[in-house]
Amino acid sequence: MTITVGTTITQFIIERQRALPEATGELTSVLNDVVIACKGIANAISHGGLAGVLGSAGTDNVQGEGQKKLDVLSNDIFLKANEWAGHVAGLASEEMEDVVPLPNGVSRGKYLLLFDPLDGSSNIDVNVSVGTIFSILRSPEGVDLPRAEHFLQPGTAQVCAGYVIYGPATMLVLTTGDGVHGFTLSPGIGEFLLTHPDMRIPEETTEFAINASNMRFWELPMRRYIDECLAGSDGPRGKNFNMRWVASMVADVHRILCRGGIFTYPLDSREPSKPGKLRLMYEVNPMSFIVEQAGGVSSTGRQRCMEITPEGLHQRVPVVLGSKSEVERVVGYYRDAAD
Ligand code: P6P
């Protein structure tokens, strides 16, 4: 069956499964539970101030960051949709310290599911787009009760990655290693329908996304790159650039998937103990998989993000991702500085 615009995400996933002789249907089941969780989060977010879910939860997450009520609610929704069905071997949440123990007696599948239930939640109370990010790994053979160390696999080991952007429209963007495909949630039928097959990132761009207020803390190669963009047509680049910063990685990355661009949260000297702000396992690896599958590049500036050997569930890394030619230029500047 040819996949056409308007195909439901369920049908899309099953058709992809059928194309793989070795597929058992387990990944399809995991993805169906993830989709249900994201529909539940979309519903909670859409009510905004009408459902008493805005504002602070009065608690901190494992990162020491103040949690919004929707952070806690989204995490609960994601856990409840994915812990009971027996389709996963283990769960890990960006909001929680350690691997999440599955309920007693629940059978275990062969996949590990990692998720950031609500990324960019500082935007929630001001009604700016936020998102959910998820990443799926294989649980190591012979491991009945996966522990944190079993999740510490490089990004290249991912079998699937995706995000949902809760924006003017709610969209789910997915890769299983065979391109990137976007689905839009139909409010009328409550299902994600294929609207953006085979998404590709343009190799060239004149749009960069960075939190420029941190400029004084950046390393010199990043200073050089951004200074040249700001110099515009009078400078060494000979053309003008535009800047965007949503402070919601999902929104910035989605824009790049749709029209190109470069996104970076570089290493900065504010907190030497934190080599970057974004989390390798919950943000950088899944987004890098998607970006690379769409023809883009994702680097720390010094190495391919997906080749990092993780050292901890909540490890933070610098990231520069997006349009191939611009990311490769930045990588070149880091290489020049190292010579
Ligand atoms: P800043 C959201 O908190 C997040 O993890 C990403 O989604 C986003 O790109 C970044 O942090 C925003 O960071 O320092 O600009 O608030």
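User: Which residue in E9 is the bridge partner of Phe183?
Analyst: In this predicted model, Phe183 has Leu194 of E9 as its bridge partner.

User: What makes E8 and E9 a strand pair?
Analyst: Pairing takes at least two bridges between two strands. E8 (residues 180–186) and E9 have 5 bridges, running in the antiparallel sense, so they count as paired.

User: What kind of sheet do these strands belong to, and in what order do they come?
Analyst: It's an open sheet of 7 strands, and the order reads E3-E4-E5-E6-E7-E8-E9. The pairing is mixed.

User: Why are E3 and E9 called edge strands?
Analyst: Each of them pairs on one side only: that goes for E3 (88–93) as well as E9 (191–196). As for the twist, going from one strand to the next it averages 20°.

User: How does the direction of H2 compare with that of E5?
Analyst: The two directions make about 165°. Anything over 145 degrees counts as roughly antiparallel, so that's the label here. H2 (residues 26–46) packs on the sheet and touches E3, E4 (111–119), E5 (130–138), E6 (160–166), E7 (170–175), E8 and E9.

User: How do you know whether the radius of gyration agrees with a compact globule?
Analyst: With 339 residues, a compact globule would come out near 20 Å, and the protein has 20 Å, so the two agree. Along its principal axes, the C-alpha trace spans about 65 × 45 × 45 Å.

User: What share of the residues is buried, and what does "buried" take?
Analyst: A residue needs under 20% relative accessible area, and 55% of the 339 residues count as buried. The protein exposes about 14,300 Å², with carbon and sulfur atoms supplying 51% of that.

User: What share of contacts joins residues at least 24 apart in sequence?
Analyst: That's 64%, counted among contacts between residues at least 6 apart.

Methods: Residues numbered from 1 in each chain as written. Predicted model: local features only at pLDDT ≥ 70, side-chain atom pairs only at ≥ 80, totals over all residues. Heavy atoms only, no water. Helix = DSSP H or I, 4+ residues; strand = E, 2+ residues; numbered from the N terminus. Axes fitted to C-alpha atoms, helices over the stretch in contact; angles between N-to-C directions. Contact = heavy atoms within 4.5 Å. Rg over C-alpha atoms; globule rule 2.2 N^0.38 Å. Buried < 20%, exposed > 50% of the residue type's maximum accessible area, 1.4 Å probe, protein only. Areas by Shrake-Rupley, 256 points an atom, 1.4 Å probe, with all protein chains shown as cover.
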